[in-house]
Amino acid sequence: MITEITENDYPSLDQAAPKLIEFYSKTCGPCKMLSFVLKDIAKQKPEFPIYIIDFDENRDLKERLGVKGFPTMLFFKDGKEVSRMEGLKQKPAIIKAIEALA
């Protein structure tokens, strides 16, 4: 499941649940390619929450989470960031990071 959120939605997320949060830009080529990979992962793992956040429109949250560029994927478990991937990544690497959250 992929859901677009804003920094206003972020505090209401289930902090305990494992999740992937991706920061993207609408003008970023690698972000567009990554969106296809994430859609494929969402089909394969429909129960796993994937949240996407527009990098340019959510600057306060981007700075609070230390996101410097896009695309950036943050992996959370029990309310804490456990890993991070920057740039376009292959599906197997993302799946491995998701499975490490279990």
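Setting aside neighbours within four places in sequence, Asp 54 contacts Glu 4, Tyr 24 and Lys 26 (contact: heavy atoms within 4.5 Å). The model is predicted, so local features need pLDDT of at least 70 and side-chain atom pairs count only at pLDDT 80 or more, while totals for chains, interfaces and linings use all residues. Residues are numbered from 1 along each chain as its sequence is written, and side-chain values use heavy atoms, leaving out hydrogens and water.

**Exercise 1.** Determine whether Asp 54 is buried or exposed.

*Solution.* Step 1: locate Asp 54 in strand β3, residues 50–54. Step 2: its relative accessibility is 2%, so Asp 54 counts as buried (buried is under 20% relative accessible area, exposed over 50%, partly exposed in between, with a 1.4 Å probe and protein chains only). Step 3: a polar atom of the Asp 54 side chain lies 2.8 Å from the backbone nitrogen of Asp 56.

**Exercise 2.** State which residues Glu 86 touches beyond four places in sequence.

*Solution.* Step 1: find Glu 86 in strand β5, residues 80–86. Step 2: the residues touched by Glu 86 are Pro 71 and Thr 72, not counting those up to four places away in sequence. Step 3: Glu 86 counts as partly exposed because its relative accessibility is 47%.

**Exercise 3.** Find how far apart Glu 86 and Ile 41 are in sequence and in space.

*Solution.* Step 1: in sequence, 45 residues separate Glu 86 and Ile 41. Step 2: from C-alpha to C-alpha, Glu 86 and Ile 41 are 17 Å apart in space. Step 3: Ile 41 belongs to α1 and is among the residues there that meet α3.

Notes:
Helix = DSSP H or I, 4+ residues; strand = E, 2+ residues; numbered from the N terminus. Polar contact = N/O pair within 3.5 Å; in protein donor to acceptor, adjacent residues only side chain to side chain.
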